Amino acid sequence: MQLTVRTIRQWGYKIALITGVSTLAIHMALADSVSDRNAAMKDVGKAMKSLADTAKGAVEFVGEDVEKNAQTIVSLFEVARPLFDNGEEVSGSRAKATIWSDAAGFSKEFDDGIAAAKAVADAGAEYDEDAFKAAFGELGGSCKSCHESYRLPKE
C-alpha cells in the first residue's frame, strides 16, 4: 500500500473513531480548514489583481468582468469566514491570535469587505467605471485594514 496524505487521513479518521481519540481528527480538521481558508484567500488575491489591473487601466473596463470578479470575492469571503471559527492558531497559517481574541472586530472586517465587494459588483453591473474605481479603493482599504490587524507578515 502506498502511503499518501489521503491514505494517512483516512486511517487517522478510522483510528480516531475506533479508539475514541478525537484529538487526531480535530487536528486534521483544523489543518483542512487552514488549507481551505488559505486557498480561498489566494483566490481572493487573484480576483483582486484582475480588478486592480482594471482600476489602473492596464486592462479595459468591462462591466461583466468587474462584476464577476467582485462576486467571486463576495462568495470567497462568505466561504472563508467560518473557516476561522476553530478558535486556535495552527502552523502554516499567518492568522494572528487577535482573530479569536477580537472576534467581533474580525467579523466586522469581513462585513466591511463583503459590503465593499458588493459595491464593486454593483458598479460593474451598472457599467460605471468611476463608481468602480471609488468602490475598488474602498475594497482595497478594507483588505489592508484586515491584513494589518489580523494577518502576520510573511517570514
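This is a predicted model: local features need pLDDT of at least 70, side-chain atom pairs count only at pLDDT 80 or more; totals for chains, interfaces and linings use all residues.
**Helix α3**
- Helix α3 runs over residues 63-80 and reaches 26 Å from its first C-alpha to its last, close to the 26 Å expected for its 18 residues.
- Its buried residues are Gly63, Val66, Asn69, Ala70, Ile73, Val74, Leu76, Phe77 and Ala80.
- Looking down the axis of α3, you will find these buried residues within an arc of 170°, so they line one face of the helix.

**The largest nonpolar core**
- This core holds 32 residues, and those touching the most other members are Leu51, Ile73, Val120, Phe132 and Leu139.
- Two or more residues come from each of α2 (22-56), α3, α5 (103-125) and α6 (129-150), with α5 giving the largest share at 8 residues.
- Leaving aside residues up to four places away in sequence, Ile73 touches Val44, Ala47, Met48, Leu51, Ala117 and Leu139.

**Aromatic pairs**
- The count comes to 7 aromatic pairs.
- Phe77 and Phe110 pair edge-to-face, at 5.7 Å centre to centre with 90° between the planes.
- Phe77 sits in helix α3 and Phe110 in helix α5, so their pair ties together parts 33 residues apart in sequence.
- Phe84 and Phe110 form a tilted pair, at 6.1 Å centre to centre and 55° between the planes.
- Phe84 counts as buried because its relative accessibility is 9%, and Phe110 counts as buried at 5%.

Methods: Residues are numbered from 1 along each chain as its sequence is written. Side-chain values use heavy atoms; hydrogens and water are left out. Helices (H or I, at least four residues) and strands (E, at least two) are DSSP runs, numbered from the N terminus. The expected span of a helix is 1.5 Å times one less than its number of residues. Buried means under 20% relative accessible area, exposed over 50%, partly exposed in between (1.4 Å probe, protein chains only). The arc is that of the directions from the helix axis to the C-beta atoms. A nonpolar core is a set of buried Ala, Val, Leu, Ile, Met, Phe, Trp, Tyr and Cys residues joined through side-chain atoms within 4.5 Å. Contact means heavy atoms within 4.5 Å. Rings of Phe, Tyr and Trp (its six-membered ring) pair if their centres lie within 6.5 Å; planes under 30 degrees apart count as stacked, over 60 as edge-to-face and the rest as tilted.
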